[in-house]
Amino acid sequence: MTDPIQPTLPQGVSAQQFEAALGKLRGLLGADRVLTSNEQLTPYSKVMMSAPDEEHRPGAAILARTVEEVQGILKICNEHKTPVWPISTGRNFGYGSAAPGTRGQIVLDLKHMNKIIEVDPVLCTALVEPGVTYQQLWNYLKENDIPLWLSCPAPSTIAGPVGNTLDRGVGYTPYGEHFMMQCGMEVVLADGSVLRTGMGGVEKSNTWQVFKWGYGPYLDGIFTQSNYGVVTKMGLWLMPAPPAYKPFSIRYESTDDIELIVETLRPLRIAGIIPNAFVIANVMWEAAAIIPRSKYYDGNGVTPASALAEIQKNEGVGAWNVYAALYGTPEQVEVNWNIITDAVKKSGKGRFITEEEAGNTEPFKYRAQLMRGDMTLQEFGLYRWRGGGGSMWFAPVSQAKGSETKAQMELAESILNEYGLDYVGEFIVGMRDMHHVVDVLFDRSDPDETKAAHECFGKLLSEFGKRGYAVYRVNTGFMEEAADLYGPVKREVDQRLKRALDPNGILAPGKSGIFV
Amino acid sequence: MTGIRPRVLIALAPALILCACGSKTESGGGSGGQKVTYLGKESIPKDAAQMVFEQTCMACHATGVGPVITGRDLPADAVKLFVRNGNRAMPAFTEAMIDDATLDRVAQIVATSKAPASQPAQ
């Protein structure tokens, strides 16, 4: 830890400014919590995007432990006009990981703020700090015999609820729209003031984690996917463990079945018959969880249709694979199961696979785990599909209509194939929308393929944008392009808020395309 | 365990592709149609290093996602290097995520681990 290097400076910050800020930060936190060596900063620089690590290399990383320290840090950063990039658990794989949006920013690492402040088993709520991981919360619930379930993203264990919710990530249970299940925040603003949203500002209130809206303008949303404050506490709702749980899969054999799948299942989702954020995963997504692509195709470019047909035949996966679950009393589950099986039967296609049939096999097993908020990393198999560690999530929002999902699928596939890349796609079904999530996988050790992936991602954004489709979230290499899709007025309002709340622009400049 | 040559590290790279966490959710079934069951608090290790090993490393390296790392006499220093730097699809782990002292012990656990009975020789 003793190999100091020339600091990587944030844009517009002189070496003197930067060193002065670091000196005061050492005074506040102690030298051991101001990380500047190459060895210490390397883990913060590892990204999966097409941009080189160097473009997102932090100038330093600082480790805060308390709200008061966060206040002190922001005071110093304001004095020296030096920006910080706050992270919670520092994951966000395929969206930028722990690295700052632009080179030189100081990572404000909140991992050590990892207290589970409260879990209320009666009201089924939790209040946690940003460094808490899903695994930590899962362990806590188990150790204390609290029968509550989490909802988490696929890399559930090392990610955490605060970071995932603030980036408006999703999970796979009935609580899968995570921001909808968030209740109350504590936010340190750039001027050091501490805001508690919702009911949190009411003296002696005990309703901070049970009523989202409070009084007056609802503010929590402006602290998600933004750079207006540092969230230091967040409330969330947890799901009571149901007496009965029935995960199931429905397998479809043709790519064209996507229209029929959506038209068959959408009414069941909107009516709450299928209560969870279920998924419709394509053949390569499904196969990636269990095998590398090289088992069937060892060449470059797009995986041939013949290989995909073989995979379907030999590995027992469909062209599309639905994963959903039922929750409740056994009687409730049985009633809804009958409704769903009848609807699918009437549609004329689709083969059900139950837990009894699947047993301990993947990918059913990990899907069943995710739909009950258990810990798994099986979906990391996506990253070995093609190898090389390159991944960028392209995630346009789609109406939950069959014609729309088909149009988006075909457009994405044609653009990806143009660049020699595979369409590895999944639809996560929301309340009325679908998150169409495409993992743009590429070999990051191959400069040509990385360049192609970069160009491909830009084209995906622009071509989808021309048709009125925009992403719900994007990696830190394409934030400007994504923000542009939402129009100039939205961008201007974002900036006005930034100027009002953070006039020196010290918080995560560039996050979601927002600069002071 | 010091002085590892770069060539050795390159050779080890595929062996340490992925490392991340997961719970000890397991199935009591197999493919015989039994109900899937889930482990509770008894599955949570008390020791911090053992917890990282079981809930983090093994979530990928014992599930077929990442390559097998147990029972391979991997040098502890190489394990630490890959944990801190990541490698391709394997994420990097900062010292805020796992401190140096715990990482030392995790690396020893990996280095001295035995291969599971069903693990093919590598």
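**Chatting through a two-chain model**

Colleague: Hi! Is N92(A) buried or exposed?

Modeller: N92(A) counts as buried, because 26 C-beta neighbours lie inside 10 Å, and 20 or more is the cut-off for that. Keep in mind that this is a predicted model.

Colleague: Okay! Where does N92(A) lie in chain A?

Modeller: N92(A) lies in the loop between β3 (84-87) and β4 (106-109) of chain A. Its phi is positive, about 70 degrees, although N92(A) is not a glycine.

Colleague: And what about Q225(A), which also has a positive phi?

Modeller: For Q225(A) phi is about 45 degrees, and this residue is not a glycine either. You'll find Q225(A) in the loop between β9 (194-196) and β10 (230-237) of chain A. Q225(A) counts as partly exposed because it has 19 C-beta neighbours inside 10 Å.

Colleague: Switching topic: which peptide bond is cis?

Modeller: The one joining E362(A) and P363(A), with omega at about 5 degrees. P363(A) sits in the loop between α10 (355-358) and α11 (364-370) of chain A.

Colleague: Which residues touch the most other members of the largest nonpolar core?

Modeller: Those are I62(A), I73(A), L108(A) and V440(A), in a core of 173 residues. Strand β14 (residues 320-328) of chain A gives the largest share of this core, 7 residues. As background, nonpolar side chains tend to be buried together in soluble globular proteins.

Colleague: What is L108(A) in contact with, beyond its neighbours in sequence?

Modeller: Leaving aside those within four places, L108(A) is in contact with I62(A), A64(A), I73(A), V84(A), W85(A), P86(A) and V230(A).

Colleague: Now the two chains. How many residues of chain B are in contact with chain A?

Modeller: 36 residues of chain B are in contact with 41 of chain A. On the chain B side, α2(B) gives the largest share, 4 residues. By class, that side has 16 nonpolar, 16 polar and 4 charged residues.

Colleague: At what angle does α2(B) pack with helix α4 of chain B?

Modeller: About 60 degrees, with the axes of α2(B) and α4 (residues 100-111) 8 Å apart. The crossing is right-handed. Residues making the contact include F53(B) and C57(B) of α2(B), and V106(B) and I109(B) of α4(B). By class, this contact has 8 nonpolar, 2 polar and 1 charged residues.

Colleague: Last one: how is chain A divided?

Modeller: Chain A has domain 1 (15-109), domain 2 (116-240), domain 3 (244-466) and domain 4 (479-505). The centres of domain 1 and domain 3 of chain A are separated by 36 Å, and 6 residues of domain 1 are in contact with 11 of domain 3.

Key:
Residues are numbered from 1 along each chain as its sequence is written. Chains are lettered from A and ligands numbered from 1 in the order in which they are written. This is a predicted model: local features need pLDDT of at least 70, side-chain atom pairs count only at pLDDT 80 or more; totals for chains, interfaces and linings use all residues. A nonpolar core is a set of buried Ala, Val, Leu, Ile, Met, Phe, Trp, Tyr and Cys residues joined through C-beta atoms within 7 Å. A residue is buried if 20 or more other C-beta atoms lie within 10 Å of its own, exposed if 12 or fewer, and partly exposed in between; C-beta atoms are placed from the backbone. Helices (H or I, at least four residues) and strands (E, at least two) are DSSP runs, numbered from the N terminus. Two residues are in contact if their C-beta atoms, placed from the backbone, lie within 7 Å. Ala, Val, Leu, Ile, Met, Phe, Trp, Tyr, Cys and Pro count as nonpolar, Asp, Glu, Lys and Arg as charged, and the others, Gly among them, as polar. Domain bounds come from an automatic or database domain assignment. Axes are lines fitted to C-alpha atoms, for helices over the stretch in contact, and angles run from 0 to 180 degrees between N-to-C directions. A crossing is left-handed if the near helix is turned anticlockwise from the far one by less than a right angle, and right-handed if clockwise.
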